[in-house]
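I set out to record what I looked up in this structure, entry by entry.

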Amino acid sequence: MEPKKSPQANVGRNSSLFFAIGLAVMLFITNLAINYKTYDKSNIDIGQVDMDQLDEEDVPITEQLQMPPPPPPPPAAPEVIEVVEDDEDVEETVIESTEADQETEIVEVEDVMVDEVEEDVEVPFAVIENVPIFPGCENEQGNNAKKQCMSEKIQRFVTRNFNTELASDLGLSGRQRINVIFKIDKTGNVTGVRSRAPHPGLEKEAARVINSLPKMKPGKQRGKAVTVPYSLPIVFQVQD
């Protein structure tokens with residue numbers, strides 16, 4: 001039995017070619033659809049350029065700076081110069097040289113006497129070579145013994161002459177401490193008394209007692225009388 005169709009009419013013979021062509025066409029159409037964009041024509045205004053408006057543009061008027069007028073020219077020199085005669089005679093000052101020459105006489109200068117100015121040197125009581133000597137300590141041997149004698153004599157003098165009842169009269173109680181600083185000058189007198197206490201009344205009383213100390217033999221350093229500063233603490237108990 002013979003087939004009815006012609007072998008050349010077989011559609012499935014080129015199916016792969018047709019599939020590839022169709023696939024390519026579909027991909028191309030899909031790409032166009034994805035990248036396709038639309039715009040609202042009502043919002044697009046390209047405008048038109050009016051060249052006449054550019055010609056009629058207003059140019060702002062700039063302010064011109066007013067320059068100051070030039071300075072007036074200097075006055076012209078007079079054509080005729082008048083000569084004024086000087087009737088007064090001017091004495092010239094002659095400056096003589098102070099340099100000496102061979103004819104200058106040399107004056108011999110005798111010995112120049114220079115007055116020595118004595119300085120008020122202060123030497124602390126602890127390091128002085130010869131301490132001030134309190135009356136009654138002249139027979140003590142050695143510098144240390146004279147120091148000890150002087151300290152004891154001053155403390156005994158202050159104890160006898162200080163008014164200890166003054167603290168109770170001022171309303172103070174308990175232990176009272178007064179620090180006194182003074183100097184024994186080159187003549188042996190007490191000077192420069194300064195005191196510090198809890199009450200001005202005690203300071204005044206301490207200064208009174210120290211100023212009444214007797215005159216001493218001044219201290220010496222390298223054989224010369226010097227000023228010696230001295231500090232003295234005064235401590236006493238107020239009886240309640």
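The entries below go from the overall fold to the aromatic rings and then to one aspartate.

**Entry 1. Overall fold.** I note at the outset that the model is predicted. I counted five helices and five strands in the protein chain. Read from the N terminus, the order of the elements is α-α-α-α-β-β-α-β-β-β. Of the 240 residues of the chain, 19% count as buried. I then took the contacts between residues at least 6 apart in sequence and found that 68% of them join residues at least 24 apart.

**Entry 2. Aromatic pairs.** How many aromatic pairs does a search of the whole structure find? The search returned two. I looked up Phe125 with Tyr230, and this pair is edge-to-face, with 5.0 Å centre to centre and 85° between the planes. Phe125 lies in the loop between α2 (51-55) and α3 (143-161), while Tyr230 is in strand β5 (residues 228-238), so the pair ties together parts that are 105 residues apart in sequence.

I next looked up Phe182 with Tyr230, which form a tilted pair at 5.3 Å centre to centre, with 40° between the planes. This pair also links distant parts of the chain, since Phe182 sits in strand β1 (residues 174-184) and Tyr230 in strand β5, 48 residues apart. I therefore recorded Phe125, Phe182 and Tyr230 as one aromatic cluster.

Entry 3. For Tyr230 I read a relative accessibility of 8%, and the residue counts as buried because the limit is 20%. I also noted Lys147, which lies over the face of Phe125 at 5.8 Å from the ring centre.

**Entry 4. Asp185.** I located Asp185 in the loop between β1 and β2 (190-196). The side chains of Asp185 and Thr187 are joined by a polar contact of 2.9 Å. A polar atom of the Asp185 side chain also lies 2.8 Å from the backbone nitrogen of Asn189. Leaving aside residues up to four places away in sequence, I listed Thr191, Pro218, Val226 and Thr227 as the residues that Asp185 touches.

Key. Residues numbered from 1 in each chain as written. Predicted model: local features only at pLDDT ≥ 70, side-chain atom pairs only at ≥ 80, totals over all residues. Heavy atoms only, no water. Phe/Tyr/Trp six-rings, centres within 6.5 Å; stacked < 30°, edge-to-face > 60°. Helix = DSSP H or I, 4+ residues; strand = E, 2+ residues; numbered from the N terminus. Buried < 20%, exposed > 50% of the residue type's maximum accessible area, 1.4 Å probe, protein only. Lys NZ or Arg CZ within 6 Å of the ring centre and 35° of its normal. Polar contact = N/O pair within 3.5 Å; in protein donor to acceptor, adjacent residues only side chain to side chain. Contact = heavy atoms within 4.5 Å.
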